[in-house]
Amino acid sequence: MKNVLRNIFYSFPIQLVVLHIKNNHLFLLFWVLLGAMATGAIGKTYGTKYLFLNPEYLGHVSFYSFFILGMAFGGFIMSWNITIYILNSFRFPFLASLGRPFTKFCLNNSLVPLSFLVLYFIFVVHFQWYNEVASIFTIVVYCLGFVLGLSFMLAMTALYFQLTNKDILNFRKAKKTFHPKNPISIAARKIQQREEEQLNSRAWPVEYYVTENLSARLTRNVDHYSPELLMKVFRQNNGNALVFQVASIMLLIGFGSLIENPFFRIPAGASSMIFFAIFISITGAISYWFGSWRTTVFIFLIVMINFFSGKTVLQNENSAYGLDYSQLQPYTYSNIDSIHNKEQYYKDIDSTLKILDNWRSKFSKGRLIRKPKMVMVVTSGGGLRQAVWSMQVLQTADSLMNGKLLRNTVLMCGASGGMLGTAYMRELKLRQQQGTDINIYDEKHLDAMAKDLLNPIIFTTVANDLFLPWMTFKKNGHKYRKDRGYIFEKQFVENLNGYLDKDLIDYRIPEQQADIPMMFVTPVIINDARRLIISPQGVSYMAKSEMGNYDKGVTEIDAIDFGQFFADQDAYKMSFSSALRMNCTYPYILPAVHLPSEPPIQVMDAGWRDNYGIESVARFASVFDDWIKENTSGIVIVQIRGSDKVDEIESEISNGIINRMFNPLNVAALSSTVQDYTHDHQLDYVAKVLAPKKIDMVRFIYRPSKTNARASMTWHLTTREKIDILNAIYHEDNQESLQRLKELVK
């Protein structure tokens with residue numbers, strides 16, 4: 001028994017696992033990360049596991065989507081094997097004496113990949129059965145697709161190495177190589193000498209290895225071979241492996257030029273695996289060429305990349321499409337103050353008063369007729385989950401109220417995903433108003449909003465943005481680069497049948513005529529935390545309080561009227577989809593947008609300052625308080641949230657030193673809660689200003705059913721998540737909100 005255990009321990013597969021645990025921590029970490037992502041151990045809130053358990057291709061989860069995912073996994077396995085082989089083959093000199101040494105190495109190095117596969121298939125079967133309600137036949141087809149894709153990739157790479165790799169018999173007759181005396185050859189020769197010295201001194205004890213027919217065989221003694229001869233085998237194999245890696249990266253860059261074609265927008269999970277494979281290849285190459293200097297070289301490369309990427313030629317700054325970047329607007333306090341001057345402030349108020357008068361004219365007038373309620377719709381962030389939830393609430397409520405909700409709505413605002421659904425619902429209403437034969441309550445619009453946006457983003461990031469994006473396109477005569485921001489807008493517009501393929505100015509007249517509500521898109525300026533108020537109307541009154549017109553030392557200009565500030569840069573010709581994208585630019589997922597100013601300003605997700613839209617509502621109501629008191633019977637704020645306003649107070653889980661060290665940093669996670677507290681104070685102030693008119697708040701909150709987990713906050717929804725979101729309208733609290741809204745808005 002003791003001998004059996006010893007033979008097992010000193011077998012090649014087990015010794016490779018020991019090698020990974022002892023020396024290859026970084027490369028083993030990739031498997032841990034991949035497993036954690038695929039099982040939901042990390043990134044659960046953002047739905048990372050769905051990238052692997054429910055991959056979409058061309059809008060559907062299918063045999064083909066799993067086949068592509070399997071191919072990508074095969075590429076990841078081969079990249080991992082190649083890197084480990086290049087860095088560690090000298091530890092196992094017996095390999096050089098075998099035929100097809102790299103093939104045998106991969107076979108014996110398969111315990112880690114096989115362990116991952118077993119875990120992965122367990123989670124796929126459970127997820128598809130429980131979350132997607134898939135049949136056994138469908139699950140088998142999906143798994144078969146993955147296996148066939150994996151097998152195809154492994155077969156192709158095996159064929160390449162079979163045709164190109166040489167074994168020791170090819171080198172025994174070869175003549176001694178002459179080494180030219182140039183710097184590169186001298187450096188390469190030093191690496192060769194180092195490897196030859198290490199070959200026998202650092203060899204690992206291996207007694208058995210597994211052959212291609214899965215039988216165990218004793219290892220050969222190779223002491224009678226010269227180290228130089230053995231290393232020739234490894235170097236030739238390594239050279240072919242490097243060629244394979246470089247060719248794979250070039251092929252990926254080639255795919256990046258095809259992002260316009262949906263056929264090449266592979267599943268996001270496959271893109272993630274390709275990214276890991278590239279990173280492993282680059283890290284392995286640095287480790288191989290620089291040995292113990294690898295950490296220093298890696299840090300040096302990061303510093304150099306950061307330095308040169310800041311140069312104009314290599315900069316890859318994302319743009320808002322339609323803006324003119326050839327001339328820059330000075331972003332200085334004096335210029336901000338001059339544009340948001342007192343005269344412009346009151347001019348914009350007068351223009352908006354005309355819009356309000358047009359809205360009021362839609363309702364009957366008279367002393368005995370009740371004045372209408374002014375409705376303001378605010379929605380929170382939350383990715384595709386909140387986009388679908390916002391549409392579901394607006395569709396359901398407006399349908400039950402016979403169109404009175406949208407008719408009474410004056411303003412729509414909010415953050416991130418919620419504004420995508422709100423903007424689409426407003427566009428449907430506009431098309432109906434313009435005579436298009438359209439049922440704005442049709443469920444197909446919800447289906448369109450729920451379509452995947454994540455796959456093209458991740459694929460473009462890996463195939464295009466990781467390298468220097470070189471493809472461009474033109475809009476309004478201006479040239480822009482194609483990146484994940486571009487593909488997000490393109491896919492979003494495509495999903496909605498092109499309905500939102502409009503410029504900002506296209507909504508000016510419909511808003512002025514009160515055919516549709518006004519909409520404020522309010523991303524945050526990273527440079528100074530000011531809000532950017534994007535509207536087709538002049539809205540400088542949203543940038544500062546009235547008191548600031550008389551005493552600049554008392555209040556600050558805390559927002560920028562986008563249209564007027566960038567008027568010389570064709571602000572109103574900007575794509576409306578770019579405005580919406582700026583409003584939902586979550587870090588890393590989408591690129592921060594640079595605007596044509598000097599110094600350059602960047603903008604990102606509105607949720608960092610006003611995740612629930614209340615700040616916009618409070619300022620708008622305080623500016624037009626006299627008109628509201630005179631012409632309405634009060635304000636109804638319809639708030640569409642993705643989470644409860646009042647959460648349970650969590651007890652501290654651990655008092656360990658690490659927890660205590662990081663607890664102060666957790667304050668950032670309380671941003672939404674802090675905003676709620678601030679908004680309550682703002683509404684309290686507005687309510688006092690409007691008295692005796694009332695402010696009523698009607699909340700619709702997405703709450704998952706008891707049998708479902710909360711839908712992830714990402715740009716992808718599973719079938720079960722979508723059903724759960726749509727069914728949330730039937731929650732007891734939301735049904736009460738519907739009834740209350742009907743009573744308030746008659």
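Guide: A residue is called buried under 20% relative accessible area, exposed over 50% and partly exposed in between, with a 1.4 Å probe and protein chains only. The model is predicted: local features need pLDDT of at least 70, side-chain atom pairs count only at pLDDT 80 or more, and totals for chains, interfaces and linings use all residues. Residues are numbered from 1 along each chain as its sequence is written, and side-chain values use heavy atoms, with hydrogens and water left out.

Visitor: Why does Asp452 count as buried?

Guide: Its relative accessibility is 9%, and the limit is under 20%; therefore Asp452 counts as buried. Asp452 sits in the loop between α19 (443–449) and α20 (454–465), where helices (H or I, at least four residues) and strands (E, at least two) are DSSP runs numbered from the N terminus.

Visitor: What makes a polar contact between the side chains of Asp452 and His716?

Guide: The term requires a pair of N or O atoms within 3.5 Å; within protein, one must be able to donate a hydrogen and the other to accept it, and residues adjacent in sequence count only if both atoms are side-chain atoms. The side chains of Asp452 and His716 are joined at 2.8 Å, and a further polar contact, of 2.9 Å, is made by Asp452 with the side chain of Asn455. By the contact criterion (heavy atoms within 4.5 Å), Asp452 touches Glu56, Gln491, Asn495, Trp715 and His716, leaving aside residues up to four places away in sequence.

Visitor: How do you know that the span of helix α21 agrees with its number of residues?

Guide: The expected span is 1.5 Å times one less than the number of residues. For the 12 residues of α21 (residues 484–495) this gives 16 Å, and the end C-alpha atoms are 16 Å apart, so the two agree.

Visitor: Why is α21 described as largely enclosed?

Guide: Of its 12 residues, 10 are buried, so the rest of the structure largely encloses α21. Among the buried residues are Phe488, Gln491 and Asn495.

Visitor: What makes the pair of Phe121 and Phe146 edge-to-face?

Guide: Rings of Phe, Tyr and Trp (its six-membered ring) pair if their centres lie within 6.5 Å; planes under 30 degrees apart count as stacked, over 60 as edge-to-face and the rest as tilted. The structure holds 47 aromatic pairs. In the pair of Phe121 and Phe146, the centres are 5.6 Å apart and the planes stand at 85°, so the pair is edge-to-face. Phe121 belongs to helix α7 (residues 111–130) and Phe146 to helix α8 (residues 136–164), so the pair ties together parts 25 residues apart in sequence.

Visitor: Are Phe121 and Phe146 buried or partly exposed?

Guide: Phe121, with a relative accessible area of 21%, is partly exposed, whereas Phe146, at 0%, counts as buried. Another edge-to-face pair is formed by Phe488 and Trp715, at 5.2 Å centre to centre and 65° between the planes. That pair links Phe488 in helix α21 with Trp715 in the loop between β17 (694–701) and α30 (719–727), 227 residues apart. Both Phe488 and Trp715 are buried.
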